[in-house]
Amino acid sequence: MIWFTEYWTENVGLTVKAHEVKRIKSKYQEILVLDTPEFGKMLILDGLVQTTERDEFIYHEMLAHPALVMHPQPERVLVIGGGDGGTVREILKHPSVKEVHLCEIDEEVIIVAEKYFPTISEKLRDPRVKIFIEDGNEFLQERKGYYDVIIMDSSDPVGASEVLFKEPFYQKVKQSLRENGIMVAQTESPVLQEKYFAGAYREIRKVFRNVGVYLAYVPTYPSGMWSFTIASDYIDVKDTSRNRERVKELKTKYFCDNIYACLFALPQFVQEILKKS
Ligand code: SPD
C-alpha cells in the first residue's frame with residue numbers, strides 16, 4: 001500500500017491509501033493507476049486525478065448530457081481529450097447520434113483505460129466511434145462546420161492543455177460546429193481554481209453569443225465543486241424547457257429531469273465571480 005496525494009493547492013490536497021496498479025511514462029505524461037478502497041480504481045495523469053470508478057459517472061453524465069439534450073437532433077459529436085471513454089459512453093445513450101469522433105493526444109491513456117477501466121471505456125470500440133490520436137487544437141483546422149456538439153473533456157489548463165482554454169481555440173471550435181451547434185467544456189473549480197474558472201468563462205464569452213455555466217459535485221476533484229461551461233451561437237443554452245422529455249429516456253445515475261430543470265441555478269458567490277470576469 002502507498003499513500004498518494006493530489007495537491008489541490010500548496011496547502012490542501014486529496015490523500016488516498018492505495019495499491020499501485022500501473023505507472024508508466026508516455027510521450028506526454030506520467031500515467032498512474034491506483035486501486036483504492038473507497039473510490040475503486042483511479043486514473044491519474046501527471047499527479048492529477050482524472051477519473052475514478054466510484055464517481056466518474058457524475059462528471060461524464062454532466063459533461064455530456066446537457067448539450068446533447070439541448071441540441072434538436074445531435075448526430076455528429078466530437079470529444080477532445082476524454083481518452084478514458086467515459087464521455088463517449090454517455091454520448092452513445094442518445095439515439096440520434098450517428099458518429100462520435102474522439103480526439104485524444106495520448107494513445108497510452110486509451111490503452112490503459114481499456115485494460116484497467118473496462119466499465120468506463122466499454123464503448124470506445126462501438127462502430128459509431130472513430131478515434132484520432134492527434135492534438136485537438138490541430139485536429140479542428142480540418143473540420144469546418146462538421147459537428148453538432150463538441151465536448152472538451154480536457155485535463156486541467158496546465159502545460160499542453162492550456163491552449164484549450166483560450167479564445168483562439170474556442171474560435172476553432174465555433175468554426176467546426178454546424179448550424180444549431182453547441183459546445184461544452186469542463187471549466188475547473190470555482191472554489192479552488194477561480195482564476196481558471198473565470199478565465200475560461202471570459203474567453204468563451206468572447207466567442208459565443210449564448211453562454212451558461214452549471215455545476216456538479218465531483219468528490220475527487222479539487223473542492224468537489226466542479227464547473228462546466230456550455231455555449232452556442234444558435235441555441236439559447238439557458239432555456240432548459242427544451243427537449244425535457246428526452247432527459248427521462250436516458251439511463252443515468254446523476255443527471256435527471258430535476259437537475260436539468262434547474263441546471264443554471266448557481267450559488268451567489270459563483271454568480272459574483274462570473275459577473276466580474
Ligand atoms: N482536475 C481534474 C479535471 C479532469 C477533467 N477531465 C477528466 C477526464 C475524464 N474523462
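## Helix 7 and helix 10

The axes of helix 7 and helix 10 (residues 268-276) come within 9 Å of each other and cross at roughly 50°. That makes helix 7 oblique to helix 10. Helices are DSSP runs (H or I, at least four residues) numbered from the N terminus, and axes are lines fitted to C-alpha atoms over the stretch in contact, with angles from 0 to 180 degrees between N-to-C directions.

Who touches whom? In helix 7, Glu194, Phe197, Ala198, Tyr201 and Arg205 meet Val270, Ile273, Leu274 and Lys276 of helix 10, where contact means heavy atoms within 4.5 Å.

## About the model

This is a predicted model, in which local features need pLDDT of at least 70, side-chain atom pairs count only at pLDDT 80 or more, and totals for chains, interfaces and linings use all residues. Residues are numbered from 1 along each chain as its sequence is written, and side-chain values use heavy atoms, leaving out hydrogens and water.

## Helix 6 and helix 7

Helix 6 (residues 167-175) and helix 7 (residues 194-207) have axes that come within 9 Å and cross at roughly 45°. That makes helix 6 oblique to helix 7. Glu167, Tyr170, Gln171 and Lys174 of helix 6 meet Ala200, Glu203, Ile204, Lys206 and Val207 of helix 7.

## Around the ligand

Residues surrounding the ligand (a heavy atom within 4 Å) include Tyr59, Asp84, Gln186 and Trp226. For polar contacts (N or O pairs within 3.5 Å), a side-chain N or O atom of His60 is 2.7 Å from a ligand nitrogen atom. A backbone N or O atom of Ser154 lies 2.9 Å from a ligand nitrogen.

Note on methods
Helix = DSSP H or I, 4+ residues; strand = E, 2+ residues; numbered from the N terminus. Parallel < 35°, antiparallel > 145°, perpendicular 65-115°, else oblique. Polar contact = N/O pair within 3.5 Å; in protein donor to acceptor, adjacent residues only side chain to side chain.
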